Amino acid sequence: MQKGEQLYEGKAKKVFATDDPQRLIVSYKDDATAFNGQKKGTIAGKGAVNNRMSNLLMQRLEQAGVPTHFIEELNERETLVKRVEIVPLEVIVRNIAAGSFSQRYGVGEGVVFREPTVEFSYKNDALGDPLLNAGHAVAMGLATESELETICAYALRVDKELREFWAGCGVTLVDFKLEFGRLPDGTIVLADEISPDTCRLWDSKTGEKLDKDRFRRDLGGVEEAYREVMERLLLRI
Ligand code: 5GP
């Protein structure tokens, strides 16, 4: 597999072409941003943790019937993935109130929901990824109704699998963000990453935050938290 030209550089990853037009190489960076790019920094070792963790979790999800873009881990920071057309939605699943949900609806951080909830944001940095509903997404041509049904079903399956998995590591899965893509034949697959950048993970006993909120809120111990969740995952996988 030949690594080709860089096609895209995002906040946390670079994407490269390969000699196969249907395959891309994703390269994970240590760069961290928050609040729509207003806060910038570096988390040493983050790229390696996110690459490994995302790949291990995606392989687990494949076994649970959720198709993903994952093909093969190439090295510590790089992974071969299927080329997809990204559906421009952030699909957020919440089990416990936190973050923007707590702010928007005045529900205290830590309040456990009666059932998981799925919400969408429009993936658009210039607009600050605004919340939108399924009707808006269909009206704007971002996804069809049937694609949204598939996406919601997969998102809830991911939640069930990952909640159980993390619980076995002594970690509570509070919420997370997923992105989906379309293969050339229109099949919807899970894309992007699943990592402490995109999930809220709390120690089940102490409630300690083991995710990017440590960076967002200047809580310190950011590198240690990423290492800690990775170690716990490796003991269980
Ligand atoms: P909130 O909407 O409460 O800020 O985020 C909900 C969940 O989705 C959190 O786990 C958060 O990490 C993730 N999330 C939401 N938006 C983004 C984003 O733009 N980038 C990343 N990496 N994660 C996000």
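Colleague: How do the residues of the shell around the ligand divide into nonpolar, polar and charged?
Modeller: This is a predicted model, and in it the shell has four nonpolar, three polar and eight charged residues.

Colleague: Nice. Which of the 15 residues come nearest?
Modeller: Those are Arg 94, Ser 100, Asp 175, Arg 200 and Arg 216.

Colleague: And which strands and helix each supply at least two residues of that shell?
Modeller: Strand E9 (89-96), helix H2 (99-105), strand E12 (171-182) and strand E14 (199-203).

Colleague: How far is a polar side-chain atom of Ser 100 from an oxygen atom of the ligand?
Modeller: The distance there is 2.5 Å. The side chain of Asp 175 also has an N or O atom 2.6 Å from a ligand oxygen. With Thr 198 a polar backbone atom is involved, 3.4 Å from an oxygen atom of the ligand.

Colleague: How much of the ligand does the protein bury?
Modeller: The ligand taken alone exposes 490 Å², and 80% of that is buried by the protein.

Colleague: Switching topic: how many disulfides are there?
Modeller: The count is zero. The sulfur of Cys 169 has its closest cysteine sulfur in Cys 199, 12 Å away, so the two are too far apart for a bond. A disulfide would need the sulfur atoms within 2.5 Å.

Colleague: Is Cys 169 buried or exposed? And what about Cys 199?
Modeller: Cys 169 is buried, at 9% relative accessible area. Cys 199 is buried as well, with 5%.

Note on methods: Residues numbered from 1 in each chain as written. Predicted model: local features only at pLDDT ≥ 70, side-chain atom pairs only at ≥ 80, totals over all residues. Heavy atoms only, no water. Buried < 20%, exposed > 50% of the residue type's maximum accessible area, 1.4 Å probe, protein only. Near = heavy atom within 4 Å. Polar contact = N/O pair within 3.5 Å; in protein donor to acceptor, adjacent residues only side chain to side chain. Areas by Shrake-Rupley, 256 points an atom, 1.4 Å probe, with all protein chains shown as cover. Helix = DSSP H or I, 4+ residues; strand = E, 2+ residues; numbered from the N terminus. Nonpolar A, V, L, I, M, F, W, Y, C, P; charged D, E, K, R; others polar.
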